[in-house]
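Please keep the sequence and the structure in view while reading.

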Amino acid sequence: MSGYRFDRVRVLVVDDNVHMRKLVTTILQAFGVQQISEAENGERAWTVLRETNPDVIVLDWVME
């Protein structure tokens, strides 16, 4: 996977399950992603989205 610069990618992980957030974060770190933000609900995600301007959002589809 040479040529990919995952260290420059900003990712937002949104999930109401703390264990799933940590699992996804760990996997992203294994790929070399260094800038990872987390949110536990949609309201918090909007705030973090405006603050961090992520390139990718990993979002749990089934949340309140």
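Is Lys22 buried, partly exposed or exposed, and what is its relative accessible area? Lys22 is partly exposed, because its relative accessible area of 45% lies between the cut-offs of 20% and 50%. The model under discussion is a predicted one. The points below begin with the strands and then turn to the salt bridges.

**Strand S1 and its partners**

- Strand S1 covers residues 10-14, and four of these five residues are buried, so the strand is largely enclosed by the rest of the structure.
- S1 and strand S2 (residues 35-39) run parallel and are joined by five bridges.
- Within this pairing, Arg10 has Gln35 of S2 opposite to it.
- S1 also pairs with strand S3 (residues 56-59), again in the parallel sense, over four bridges.
- Here Val11 has Val56 in S3 as its bridge partner.
- Helix H1 (residues 18-30) forms, together with S1 and S2, a right-handed β-α-β unit.

- Side chains of opposite charge can pair when their charged atoms come close.
- The structure contains four salt bridges.
- One of them brings together the side chains of Arg10 and Asp55, with an N to O distance of 3.5 Å.
- This pair links distant parts of the chain, 45 residues apart: Arg10 belongs to strand S1, whereas Asp55 lies in the loop between helix H2 (42-52) and S3.
- Arg10 counts as partly exposed because its relative accessibility is 26%.
- Asp55 is likewise partly exposed, with a relative accessible area of 47%.

- Glu38 forms a salt bridge with Arg21, in which the closest N and O atoms are 3.2 Å apart.
- Arg21 is buried, since its relative accessible area is 10%, which is under the 20% limit.
- Glu38 is partly exposed, at a relative accessible area of 25%.
- Glu38 also forms a salt bridge with Lys22, where the closest N and O atoms are 3.4 Å apart.
- This second pair links distant parts of the chain as well: Glu38 is in strand S2 and Lys22 in helix H1, 16 residues apart.

Methods. Residues numbered from 1 in each chain as written. Predicted model: local features only at pLDDT ≥ 70, side-chain atom pairs only at ≥ 80, totals over all residues. Heavy atoms only, no water. Buried < 20%, exposed > 50% of the residue type's maximum accessible area, 1.4 Å probe, protein only. Helix = DSSP H or I, 4+ residues; strand = E, 2+ residues; numbered from the N terminus. Pairing = 2+ DSSP bridges. Right-handed = clockwise from strand over helix to strand, strands pointing away.
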